[in-house]
Amino acid sequence: MATYLLRRFLIAIPSLLGISLVLFTVLALAPGDPFEELATNPNVPPEVRTALRAKFGIDDPVMVRYLRWLAAMAQGDWGFSFASRIDVDQLILQRVPVTLFVIGSSQILALAIALPIGIYAAMRPYSVFDQIANTLAFVGFSLPTFFTGLLFILLFSIQLDWLPFVYRSDISAEGWRWYWEHLRQAIMPIMVLGFFQAASYTRYVRSSVLDVARLDYVTTARAKGLDERTVTLRHVSRNALIPVVTLVALQMPAVFGGAIVTEQIFRVPGIGSLLISAMLANDTPVIMAVTFVFACLVVLFNLIADLLYGWLDPRISFG
Amino acid sequence: MTTHPVLSVDKLSTAFRVERRWREVVRSVSFTIGPKETVALVGESGSGKSVTALSLMRLTPRDSSRITGSVILGGRDLLQLPDAAMRQVRGDEIAMIFQEPMTSLNPVLTIGFQIAEALILHRGMSRAEAEAETVRLLDKVRIPAATSRIHDYPHRFSGGMRQRVMIAMALACRPKLLIADEPTTALDVTIQAQILELIKLLQEEEGMSVLFITHDMGVVAEIADRTVVMYGGEAVETGTTADIFARPAHPYTRMLLSAVPRLGSMAGHPHPVPFPKIDRTTGLPAPPEEIPDTVARAERPVLEVQDLTTRFEIRGGLLGRARGRVHAVEKVSFDLRQGETLALVGESGCGKSTTGRSVMRLIEPLSGSVLLDGEDIMALGERELRERRRKMQMIFQDPFASLDPRMTVGAAIAEPLVINRLASRAEAREKTAELLRRVGLSPDMAGRFPHEFSGGQRQRICIARALAVRPRLIVADESVSALDVSVKAQVVNLMLELQAGMKLAYLFISHDMAVVERVSHRVAVMYLGEIVEIGPRAEIFGNPQHSYTRRLLEAVPVPDPARRREKHRLSNEELKSPIRPLDYVPPERLYREVSPGHMVQVSDSAPPLPVVAAA
Amino acid sequence: MASTGVLAILVAGVLVGPLLWPVPIDEIDFSARLATPSADHPFGTDDLGQDLLARMMYGGRISLAVGFAAMLVATVVGTVIGAIAGMSRRYLDPVLMWVTDLFLSLPQLPLLLLVIYLFRDELKAVFGVEGGVFIMIVVVIGGLRWMPVARLVRAQFLSLREKEFVEAVRAMGASRWRLVVRHILPNAIGPVIVAGTIEVSAAIIAESTLSFLGLGFPPDIPTWGRLLFDAKDHLDVAPHWALFPGAAIFLTVLSINFIGDGLRDAFDPRRVM
């Protein structure tokens, strides 16, 4: 087990390096020069410009620049945001908790919906319940998050006026009301993201349970005289969850994509909306840093999935 | 039976719903099982024997199956019981073991837990009590060091050991009836012998009845008191095993029995003998036809193999470095003449299939030489090798898997001609028709796809494809092992006929000793990648010298209830693995010539004879 | 199948529709600002009084074209990489799979946004506004979505190349090329078609998402996502503006997903014959 974990951990490092290389390559290939502005400015003499270029190492070989950038990123020196007038790392630290809260809650919601429904549907394949669940799942993941978000706003904010559609971090209420207001404004983003993921997870769970349910050891369990509930929970579900963990981990990049959209719709002050506003403001250091943070989060979630995988499947420890 | 039966099945029928229509796969089957009696349910694939077993337990899919008739156990009709009461019967009064030990245990639960589950459920034991009982059960099925193994997961056990775990699980609640559905079919012959002995012994100790489902008449003769023969979903004949073997009444039973290869039946025949042709209506065999000697002894051998060695590396650990080697084929030498059949026999993991593939260089051997008509195959470049491959062709075990499902049979047979540019399109079509006729099929079948044929027909197609390029040598890798008894006999006969007609040399790879005895001129016994004994067929079967050869021959069940072995020699010896550490140097092997052409390895690599257990 | 019918109607609508409803997409009419659906404007109008039906039919062409083109890019790239990995026996396979896994763990939307942010101006200069953005979006979406196809093709190849029929053909003396082209690829193609179908809907969603975030096509190219982006600030007064393009995306994606599911069942070898 320890070897397995260490191995997964060591694999995560080259993938992080790979991701950073991809990011840096994109940046290096991009047309335009961060000092273009200086170059066209007649007040800056050419000697100063050359000195500045040398200081920032613009003319060094790409590899050197990459290593320098990587070292700076690793030391927490993520640059300065032109638009927000604040260090990038501080800006991101302010925003990350909100994003993690929204994503975490929506994942919990998604699994809370998908596991029971997927398992129940698969144990009664082609029943009425299964067909309804299947159709709803299809509808669910064919509805893009940006459209569901708008529909929710239309229904719950505009028509029913139950929930606020703009997320505010400066709520003035005190005590329990403060919590209530926070919860109220988080409901819609979490639901939008949660329902979308629940739909695809339901399909994974269902098909995985269907695959396991026809295996020999399930017949063995029934031949022992166990009731359906025990057979399902003890013998089918745990085995069926093993491939689901991998599929959920593969979904993580898509989940972050959904989070960006949701944050943008509801103006949730997380790193997703930060990315969009930085792009609209041409704030390159923030864009680079946020993209890299997203990549780190994906790798982190993959590690968690590997951990779960090793816990669920005893064969791993000896692999 | 004078005593009251434990189980009586009356007019049992089972139907499955396939695309909105009910199809009956078991029709009105009736039989009884007395106390302490073993009844065999025997039949070929599709005879409905396994469905019968599942129906008794009501384990067929609920929504898409229908069971009628009655199954009386202890005065109650199981088919009428409510679900909850039926669950009380399962695992408690009737227990079941299945064919595939590798997939019948839940991979994420410890074996101890899986055995204890039934005890906790039906006996109301506490965890600790159940655990103690589990250890006792594992001891009972002769699993070594039971106490330390109850917390192990199934992947730590070999197939034979897993089947023991399954048996322990089935015995947990001392059932009145044990249903064993082909419990030894997936196992090697020496392991099969162990499991059969174990079941017999435990039945005596526990005083339970056994319903034993199998396709193997040898196993039936070995274990059953009475036998029910199934064919096409019906029980066509029922009687004591001795009666059925001595005086089969139904034509199907007669046909089945005369098609069964019997070890020892070839004594006195110098050359291979085809299976007797059987009259379909009476089921009576025609006298066997002798085949003349086909071996070209004067000429240079078609195939000369010298010191062939193939190893695979096993990678693992943090950096995927090599951690060990499978010594799959280790210094194997033999030759094969035109018109001759050399059988390579042995159990799984002995390297017989790897040897066949290495000879064809489908797997790259590590060293050694392979001469085909005097030319060194090992020295050829890729292009020349592809060209030379038409002199040697291969027939595989699974005829369905060895035909491209998206290609018509005609195109498949013509493909080797096309690849080797041996024929124009029209010539290829003509040749295909001729080949189909030659293997006993009709030329107008060329336009059909593989899934439209039966297993035996598909194997004929594979043979036709192999023959298209007029090869000198055919490597037949378990080519008849997956076929039903009656079909097996026909395909073997076809192969013998083709050998005589086309002067083919066969490298016949098989684990089925009875078939090998019938088809081969010479036999090589493989164990852990090495040939331990090689010689003329009559010598190997009549005068086996190596301890492993003897064990192998002893383990083969003989389809003759009169020769049933009474000795209870229980062992739990496992098959050895050919995996060795990286620094392993294989020892030099010496061979002793027993009689002309009969060589035995002197440095005995087989394990010592199994210990005789106190029964 | 109902889903095939719905998709056919949608495709026919965007292809033939503009001929039957020849209203210009950029005719500004301030007298009909944010009009609800009526006989003059069946889908209503936007804040400049432009006819939404005409804009949707025009934008739909772009959305669907992006979907199919990006699917082609993803499927071709994925099949080639998967096939090479699946046939290589030594070093190429682990390297290609590492790259595939790396791409799989890239945060796609942020990267998509990043690439478009950095390269937009350059491409516009070379291929013109419409062409540049179209090419970039297709290449970037396709280039970030080939990995599932590559994994699938590799898995198919790995299992097929061990099948006895492939070994049988090898034993006949067939070349590797013949092995791949005549035997392995035709047997692997079923699941690839299914995956390709799903790729179309994924690409349509990806393009709509970009446009919805205001970073895809410019306002004068009203793809469905772009229409939603423009509509979202007027939800309270003109919900129809968002509902029609949203429903169009939903119906397209849903019918394609259903078709993919039907194809999957049809190709499933475990299907009861």
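Visitor: How many salt bridges cross the interface of domain 1 and domain 2 of chain A?

Guide: A salt bridge here is a side-chain nitrogen of Lys or Arg within 4 Å of a carboxyl oxygen of Asp or Glu. Across this interface in chain A, the rule finds zero. This is a predicted model: local features need pLDDT of at least 70, side-chain atom pairs count only at pLDDT 80 or more, and totals for chains, interfaces and linings use all residues. Side-chain values use heavy atoms, without hydrogens and water; residues are numbered from 1 along each chain as its sequence is written, with chains lettered from A and ligands numbered from 1 in the order in which they are written.

Visitor: What area is buried between domain 1 and domain 2 of chain A?

Guide: Buried area is the accessible area (1.4 Å probe) that two parts lose on being put together, summed over both. Here it is about 1,100 Å², and carbon and sulfur atoms give 87% of that. On the domain 1 side of chain A, A:Y4, A:L16 and A:L23 supply 38% of the area buried against domain 2, more than any other three residues.

Visitor: In what order do the eight strands of the open sheet in chain B run?

Guide: Two strands pair if DSSP finds at least two bridges between them. The order in chain B is β16-β17-β18-β13-β19-β20-β23-β22, with mixed pairing. β16 (392-395) and β22 (591-595) of chain B are at the edges; each has a single partner strand, so one side of each lacks a neighbour in the sheet.

Visitor: Which strands of chain B does helix α16 touch?

Guide: Axes are lines fitted to C-alpha atoms, for helices over the stretch in contact; angles run from 0 to 180 degrees between N-to-C directions. Helix α16 (residues 485-502) of chain B touches β13 (341-345), β17 and β18 of chain B, and its direction makes about 155° with that of β18(B). Helix α15 (residues 455-467) of chain B lies across β16 and β17 of chain B, at about 170° to β16(B).

Key:
Helices (H or I, at least four residues) and strands (E, at least two) are DSSP runs, numbered from the N terminus. Contact means heavy atoms within 4.5 Å.
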